[in-house]
Amino acid sequence: MNHLPLLLAQTAQPRAYRPFLDPISLAIPQLHDWWWLTLLPIAFFVAMAYKGVRLQSLHNFWRHVITMTAQIVLAMIALAIVLYLFIELVVPMLDR
Amino acid sequence: MSASDTDATFQPVAAAMAAVLPGLGYVWYADIKRAIYVAIGVLGLFLCGLLIAGIDAVDRAEDKWWFLLQAGVGPTAFVVDHVHQTQFKTPSPGTRRTMPPPVPGAGGRQANKSVGRVNEAGMLMAALAGMLNIIAVIDCAWHAPINKRRRAAEGVTLRVGSTPAPGSPAR
């Protein structure tokens, strides 16, 4: 779906940013280039909710949360590297 | 979460509470700290999604499959979607559905539509919040009743893989 006419109409009538109603890119346009930073709050809140459910004892809860957050971030980075290598190296070999 | 698998029984009240508001089901088991952590995790993720993508992240009309996951958060997602559809909806180009007339005197209160990575990140956050709350609802639904849980907490049981704190009784 082509959203370009809508985007042009929105930029032609600038309006003050309203948190939770308008996208944050209205206030911080650079976020379109730094979108991967959203992985950090995603990983943190997912770890917090998951450990809150799974841990039998909440002793050292925050240590578990920080550990799982780091694991998620590192796993995503590793996955990105693997996919990059697969697309850049393996796929061209299959194409020959 | 129960003292043993055999003690877990179906707890409909706790499940219903967990479905109404994230984390509320654990209040039924008097586990307030856990309720707060789960509530912050699930609602934090959902609100973060709204903060990044705006209210356009939750849209039952145009993104029904994403909303199917976001609905796991409970009535909160439906309320947000209702507010979006009735107050702040910006129709996508080419949609055939008719939009409600603009609110008189609203002065262009329609929310800006989010697109691209920002929209994807926001929708994903809200969907993950829904799926995590479903896990919490299932956990609250199959649980040891509160009396047995409290009695088990008073005893000395060691969970496989856990390390008790020095000087404290093993749980």
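Arg60(B) counts as partly exposed because its relative accessibility is 46%, where buried means under 20% relative accessible area, exposed over 50% and partly exposed in between, computed with a 1.4 Å probe on protein chains only. The side chain of Arg60(B) meets that of Asp81(B) in a salt bridge of 3.5 Å, N to O, the term standing for a side-chain nitrogen of Lys or Arg within 4 Å of a carboxyl oxygen of Asp or Glu. This pair links distant parts of the chain, 21 residues apart, with Arg60(B) in the loop between helix H3 (32-53) and helix H4 (64-70) of chain B and Asp81(B) in helix H5 (residues 75-88) of chain B. Asp81(B), at 2% relative accessibility, counts as buried.

Helices (H or I, at least four residues) and strands (E, at least two) are DSSP runs, numbered from the N terminus. The model is predicted, so local features need pLDDT of at least 70 and side-chain atom pairs count only at pLDDT 80 or more, while totals for chains, interfaces and linings use all residues. Residues are numbered from 1 along each chain as its sequence is written, chains are lettered from A and ligands numbered from 1 in the order in which they are written, and side-chain values use heavy atoms, with hydrogens and water left out.

## Other salt bridges

A search of the whole structure finds eight salt bridges over all chains. One of them joins the side chains of Lys89(B) and Glu62(B) at 3.2 Å, N to O, and it links distant parts of the chain, since Lys89(B) lies in the loop between H5 and helix H6 (116-141) of chain B and Glu62(B) in the loop between H3 and H4 of chain B, 27 residues apart. Lys89(B) counts as buried at 4% relative accessibility, whereas Glu62(B) is partly exposed, with a relative accessible area of 27%. Through shared partners, salt bridges join Asp56(B), Asp59(B), Glu62(B), Lys89(B) and Lys113(B) into one network.

The side chains of Asp31(B) and Arg34(B) also meet in a salt bridge, at 2.7 Å, N to O, and both of these residues are buried.

## Ser57(A) in chain A

In chain A, Ser57(A) lies in the loop between helix H2 (39-54) and helix H3 (61-95), and at 30% relative accessibility it counts as partly exposed. The side chain of Ser57(A) reaches the backbone nitrogen of His59(A) at 3.2 Å. Ser57(A) and Leu39(A), 18 residues apart in sequence, are 27 Å apart in space, C-alpha to C-alpha.

Terms used
Polar contact = N/O pair within 3.5 Å; in protein donor to acceptor, adjacent residues only side chain to side chain.
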